[in-house]
Amino acid sequence: MSWTLALEAGLAALVLGVAVWTLSVRQTFAAVVAFVVYGLALTLVWVRLSALDVALTEAAIGSGLTGVLLLGAAARLRATEADAVAERPGAGVRAAAAALAALVALALAAALLYLPEPAHTLAPAAMAELPATGMRNAVTGVLMAYRAADTLLEKVVVLISLIGVWSLAQDKLWGGRPGLLHHADPDGALAFLARRLPPVGIVAGIYIAWLGADQPGGAFPGGTIIAAMWLLAMMAGVTDAPPISRRWLRLVLVAGPAVFLAVGFSGFFTAGAFLAYPVAYAKALIVVIEVGMVLTIAATLGLLMAGPPERSDKP
Amino acid sequence: MSLVLDVFSIAAICAGAFFFLAGTAGLLRFPDALTRLHALTKADNLGLGLVVLGLLPRAGGVLPALKLIAIWLLVLLASAIVSQLIGRAARRESRLQ
Amino acid sequence: MTSVTLFGLLGALLVGLGLFGLLVHPHPLRKILSFNLLGGGVFLFFGVVARRGAGAGLGGDPVPQALVITGLVVAFAATALAVVLLLRLFQESGSATLRTDAPAGKDAGGAADH
């Protein structure tokens, strides 16, 4: 067994251990902390699997944003934990669940061992057409050119889930500001960070989004970093969440999918099909789409975290 | 020359790994939140700093080296702020008990 | 046992663990947590398939990797919606239980007023 395989076995054991810890710990708050650790350990696994774009996205969204979301929920639901203890299923149900889970895991492991050898792969086909898209990062080429329709639908799905979150507000609060007003000591540490970090974070986010064309990165990690900076400013009370009835907010949210759709429809006239790019302008068009995407991703993810309106906007 | 740089990298990264080990041992063994925070700062400042120092010769240029140092500085900033906040919350909780 | 097989088995185990947690934990927030664990395992499986397809100068097949990135973002959006639903349930009924015979909360009689 080589050194790298031994280290990877250690990493896999770490991920497994943290997953078991997440499931078995009593307090939900501790379970969410364990889940954040799980996400970060999984990021290392992605690096070992040579999937750097996925590693960036997992660290930012899978571990970071999801962790913050679940931590907030766990803090709010602390009072309900005692009741949940009483509802624990008996030994029979647990045994049946364990058997089902073991069956599914075994089926997946068997599928893994029977995967075709040599592996079917689209890598040569992806690399062959990549120069025509103007990208040098194959994953960005897949996201923005080969499977651009998937990315467009994904933007729309995230927007729809935001509308779903907003629709869960009480009727009389519709159009108001999401979440409660946060107060932080203006001379304290959190307000200090919320004033110093966002400029750096926004530059870092734009940099990662811009870099995605040639190296690991892309609009998703970049937009998430900008969303995190906005969230930090909101949580420190440095800025307040905007009321959801504001037109500029809704325009920013729709900008990403709208630009995407516009470029897609223009493809009918310039290159003969929906979301087709003429070769000479491919990179420019993709950059235009990515600008819209970064704006919308930052706004949508930030607002998904902020939640439904809880304060009325009317005086 | 490259042998010297390689040995330097290995030594610095091993030293950084030792500080991470010490910080983790402190996190697991110390009795309360404030002492655990104290142990973790060793991992963040010294541990990560030594690892970054060891990676600088292998960075492949001035700009990647500057990016590595920027990462270290950002982690320092974040861990300092978070330690403040956690410490304050821990003290508030221990005062309530 | 190559590293790819190792991580694939890890993914299968994580799916099993997540499924167990989803079925056994009564608190809905723990169920959401287990569901995300399960999702991590599924994405890891995709990543193993991508790694096996390395070639043409790439470390992995880019198409499954792009699918995983899309999946991560959509999973976050779904988790956000699920958490807000749970918080609204807690707000309306005072308890975060999924039992159907739980005592109704404040709006027991007024289904129209929500």
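Two residues count as being in contact when their C-beta atoms, placed from the backbone, lie within 7 Å. Keep that in mind for the close-ups below, which come from a predicted model.

**View 1. Helix α11 of chain A and what covers it.** The buried residues of α11(A) are Leu253(A), Gly256(A), Pro257(A), Val259(A), Phe260(A), Val263(A) and Gly264(A). What covers them includes α8 (148-167) and α12 (282-306) of chain A.

**View 2. The length and bend of α11(A).** This helix takes in residues 247-270, and at 1.5 Å a residue its 24 residues should span 34 Å. Look for the bend of about 45° at Ala255(A), with a proline, Pro257(A), following within four residues. Just after the helix, Gly272(A) takes a positive phi of about 95°.

**View 3. Two helices of chain B side by side.** Here α2 (residues 33-55) and α3 (residues 62-96) of chain B have axes that come within 10 Å and cross at roughly 180°. Angles over 145 degrees count as roughly antiparallel, so that is what α2(B) is to α3(B). Among the residues making the contact are Leu37(B) and Leu48(B) of α2(B), plus Trp72(B) and Ile86(B) of α3(B). Sorted by class, this contact has 13 nonpolar, six polar and one charged residues.

**View 4. Where chain C meets chain A.** In this view, 70 residues of chain C are in contact with 81 residues of chain A. On the chain C side, α1 (3-24), α2 (28-52) and α3 (62-93) each give two or more residues. The largest share, 23 residues, comes from α3(C). That side of chain C divides into 44 nonpolar, 20 polar and six charged residues.

Note on methods
Residues are numbered from 1 along each chain as its sequence is written. Chains are lettered from A and ligands numbered from 1 in the order in which they are written. This is a predicted model: local features need pLDDT of at least 70, side-chain atom pairs count only at pLDDT 80 or more; totals for chains, interfaces and linings use all residues. The expected span of a helix is 1.5 Å times one less than its number of residues. The bend at a residue is the angle between axes fitted to the seven residues ending there and the seven starting there. A residue is buried if 20 or more other C-beta atoms lie within 10 Å of its own, exposed if 12 or fewer, and partly exposed in between; C-beta atoms are placed from the backbone. Ala, Val, Leu, Ile, Met, Phe, Trp, Tyr, Cys and Pro count as nonpolar, Asp, Glu, Lys and Arg as charged, and the others, Gly among them, as polar. Axes are lines fitted to C-alpha atoms, for helices over the stretch in contact, and angles run from 0 to 180 degrees between N-to-C directions. Angles under 35 degrees count as roughly parallel, over 145 as roughly antiparallel, 65 to 115 as roughly perpendicular and the rest as oblique.
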